[in-house]
Amino acid sequence: MSWPLLIEQTFNGVQFGLVLFLLAVGVTLVFGVMNTVNLAHGSLLMMGGYLLGEAQARTGSWLLGVALALIGVGVIGYLVEMVVVRRLYARNHLEQVLATFGLLLCFNETVVWFWGREPVLVSLPPMLRGHIQLMSGIPYPTYRLAVSVIVLGVAVSLWFLIARTRIGMLIRAGAERRELVEALGVNIGLLYTVVFSLGAVLAGLSGILLGPLLTVQPGMGDPLLILALAVVIVGGAGSIGGTFVAAIGLGIADTFARTLLPLAMGGGAGRSLAAMAVYLLMALTLVFRPTGIFGRAGGTG
Amino acid sequence: MNRPERVTALIVAAIGITFLIGDPYFSRIVARVCIFAMAAIAVDLLISQCGLASFGHAAFFAAGGYTAGIFALNGITHALLVWGAATGVGLFAGIVLGSLCLRTRGLYFLMITLAFGQMTYLGLQGLRQFGGDDGFRVPRGAALFGEVGLSGTLVAAAVALVAVVGLSAYLRRARIGALVRAARDEGRRLASLGVDARPYNLAMFAISAGVTALAGALNVNLVRYVSPELGTWFLSGNLLIMVIFGGIGTLSGPVLGAAALIALEEVLSGATDRWPFFLGVAIILRVLFWDAVKQTAKLLKS
Amino acid sequence: MSVLLSVKSLTKHFGALIVTDGVDLDVNAGEVHALIGPNGAGKSTLLAQVAGEIRPESGAICFDGTDITRLRPHQRARLHIGRTYQINSSFRSFSVRQNVMLAIIAASRVRPWTLFDRDRALAADADEILEEVGLAAMGDMSAVALPHGGLRQLEIALAIAAKARILLLDEPLAGIAAGEASAMIELLHRLRSRCALLLVEHDMDAVFALADRVTVLSEGRVIARGTPAEVADDENVRRVYLGGAA
């Protein structure tokens, strides 16, 4: 493995990890605050990709497309919460898993209904095409760099939101002590809706950013959701900092496994093992340290 | 419906009617119901007795399928041998995976079984010599003697289902069932009386895995094809849906749930290509509103 | 009188808080031994350590000559150390009789593959014990439907079924209506012939009616030991219960 390849893979791993973080944050917030598991979270990522493709096709602008797609996913997230998810907060985890599994089926079929089974094209804006020289002799796709920068910006804003604003405090309090928040006179239903919608928008954003890199097709978000679950478990459910660290770690681990193992072990077996690596880490965490690296049961921080 | 005799009678009647109708397409569906009902009973055993919901049982289904398929590829098609081996593989996998997974409970158990299910699926995809992603065709189904046709498979599946119903009824009534239910209720209390429930939960998990693997092996007879798709989390999810459709904890529940889900698939896919959408809606409605419906029905009765 | 249970220099911290501070305690065979003290003295924690639910930092616990300090709860139960709980935890999916049947199974050869429901011999054995604690009429009732006093009786039935040689009771009289208290004391009295009792209790009438010896705990330390009369007279005990000079 040469230096340029190593550096390139590290950047790829970090970038993948950052996007995984975007997806996983929604999962950890919804689980930390509302103690709810949402299997359809990956569908929100998928909607982000599809809406971007559609908006871009109609307006001809990537930027406008992103804005419209974000709004669209936010609306979808709000509707999903209002119609289905809010009735699940009081239910047990198995019922939550099954009902959101049903949602996932609905989303996948809806997408085929509107756009068919063929992948939808999302194109890059001209200014983000091409490569940037990281160091001499190491070109790196501009877009991927942009994605990392955008997600880092979002992560910082998120930290600021949770740690420094009133609504962030309410979110943290809601995760720890629901009764306390209600006693403060806060409308807990509204808080839950806000948290869910925030998670949905972040999931949609990850789909929007991944659009040009992956194929936008039915079910694209589902394997990523399971990865996000692995991130949340390893990082500690309810801990945003833990989610961040675990996401970067698993992103790098996954990327390296996918490049190294096939080289070392040959094609099929190597790729297979590489894909399994993350789940192995998830299983090991569940067995030996179920609260995750940073987690406590129910708390954002 | 909770008496094994009644459930058996129902199954026998259904098979009788199927033979009377004599339509191969219909027979195929009924065979499929029997096979998945077995796996659904296995999943329900864990949920209703041990309080453990598994999202990874497709791994055992696939393990049984691949065992049967590999035996067939190597020319071994004697039914007892093939199905015995598949069940054995399932039992073994159940013991190994169970020892790890049973260290967790509740949602974490759900997640770890999901993880192992995924690992199995991805691992199977990597098996180049068995077709990787695509899997492989199975030339001959397992049989007791000679060639086996659809009727033979149907009878075998029905007999196996009846046996599994009996097994389920027995386990619930046996001390092991009582102990795991007591541990599910109050594990600490049971320990303070002198019983560590872990070996019993492991035994239940292994039995559940073995039954599911047997179902997977029988499935090979029906579809004559083996692929990693047997092990996806969709299949695990489908098993859970069958259990919840039929009602957790009854003997007939998983059987009725499997019949309902497969019938729904058949009916809906005839009507529209988008049928999974309506399945999704049905699941959501079932989860959210079934209790309310039952309450209303009770009120209306009185 | 032979020593059945012996606790030596038991120590337990939760972080910086010392909840058990070098406690020594003996319970003789056939004895009723009460553990009393003000709130927060560490009585329940001490009991939990004897039961094996909490691990002490240092010290030793011996039962009938065997060192049980490292044993887990179900292993201690197998040595016939019984336990009842402050917050009732009977098996809610089972009837009263079935609860006792489970306890009987747990105390003997489990034989997991034999039938449970239809086992008449087992049910009859359970009924005998229910008779003894006064629950004979409620055998078929679901355990969760029992009134509070009934739950206590059930807990004791479970301990009898488990063939306990010593019973660890955490406030057996807590939450029992005034009229039923004497019935419970009577029941505990009848248990003396079967097993030793180590009970944590606040109800002083019960302590005086039942206990052979009393150990008084305050802030994790033993401050007095003796017969109920001796302890009632003890200066240290009075101070701790009635408030000090300051």
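Author: Chain B contains eleven helices and two strands. Helices are DSSP runs of H or I with at least four residues, strands are runs of E with at least two, and both are numbered from the N terminus. The model is predicted: local features need pLDDT of at least 70 and side-chain atom pairs count only at pLDDT 80 or more, whereas totals for chains, interfaces and linings use all residues. Residues are numbered from 1 along each chain as its sequence is written, while chains are lettered from A and ligands numbered from 1 in the order in which they are written.

Reader: In what order do the elements of chain B run from the N terminus on?

Author: The order is α-α-α-α-α-β-α-α-α-β-α-α-α.

Reader: Why is chain B called as compact as a globular protein of its length?

Author: The globule rule is 2.2 Å times the number of residues to the power 0.38, and the radius of gyration is taken over C-alpha atoms. For 302 residues the rule gives 19 Å and chain B has 19 Å, so the description applies. Along the principal axes, the C-alpha atoms of chain B fill a box of roughly 55 × 45 × 35 Å.

Reader: What percentage of chain B counts as buried, and by what criterion?

Author: A residue is buried if 20 or more other C-beta atoms, placed from the backbone, lie within 10 Å of its own; with 12 or fewer it is exposed, and in between it is partly exposed. By that count, 56% of the 302 residues of chain B are buried.

Reader: How do you know which chains are in contact, and which pair shares the most contacts?

Author: Two residues are in contact if their C-beta atoms, placed from the backbone, lie within 7 Å. Of the two pairs of chains in contact, chains A and B share the most contacts. There, 36 residues of chain A are in contact with 35 residues of chain B. Helix 4 of chain A gives the most to its side, with 16 residues. No contact joins chain A and chain C, and their closest C-alpha atoms lie 18 Å apart.

Reader: How does the side of chain A that touches chain B divide by class?

Author: Ala, Val, Leu, Ile, Met, Phe, Trp, Tyr, Cys and Pro count as nonpolar, Asp, Glu, Lys and Arg as charged, and the others, Gly among them, as polar. That side has 26 nonpolar, six polar and four charged residues.

Reader: Which residues make up the contact between chain B and chain C, by number and class?

Author: In this pair, 21 residues of chain B are in contact with 26 residues of chain C. Helix 7 (residues 175-193) of chain B supplies the largest share of the chain B side, 15 residues. By class, the chain B side has ten nonpolar, three polar and eight charged residues.

Reader: What makes a set of residues a nonpolar core, and which residues have the most contacts inside the largest one?

Author: The term denotes buried Ala, Val, Leu, Ile, Met, Phe, Trp, Tyr and Cys residues joined through C-beta atoms within 7 Å. The largest such core has 285 residues, and A:Ala230 and B:Met38 have the most contacts inside it. Helix 2 (residues 24-50) of chain B gives the largest share, 17 residues.

Reader: Why is this core said to lie between two domains of chain B?

Author: Domain bounds come from an automatic or database domain assignment. Domain 1 (4-271) and domain 2 (276-302) of chain B both give residues to the core, so it lies between them. The centres of the two domains, taken over C-alpha atoms, are 26 Å apart. Five residues of domain 1 are in contact with six residues of domain 2. On the domain 1 side, five residues are nonpolar, with no polar and no charged residues.

Reader: Which residues does B:Met38 contact beyond its neighbours within four places in sequence?

Author: B:Met38 is in contact with B:Ala160, B:Leu161, B:Val164, B:Val211, B:Leu214 and B:Ala215.

Reader: Why are strand 2 and strand 5 of chain C said to stand at the edges?

Author: Two strands pair if DSSP finds at least two bridges between them. Four strands of chain C form an open antiparallel sheet in the order 2-1-4-5. Strand 2 (17-28) and strand 5 (66-67) each have a single partner strand, so one side of each is left without a neighbour in the sheet. Nine bridges join strand 1 (residues 3-14) to strand 2 of chain C.
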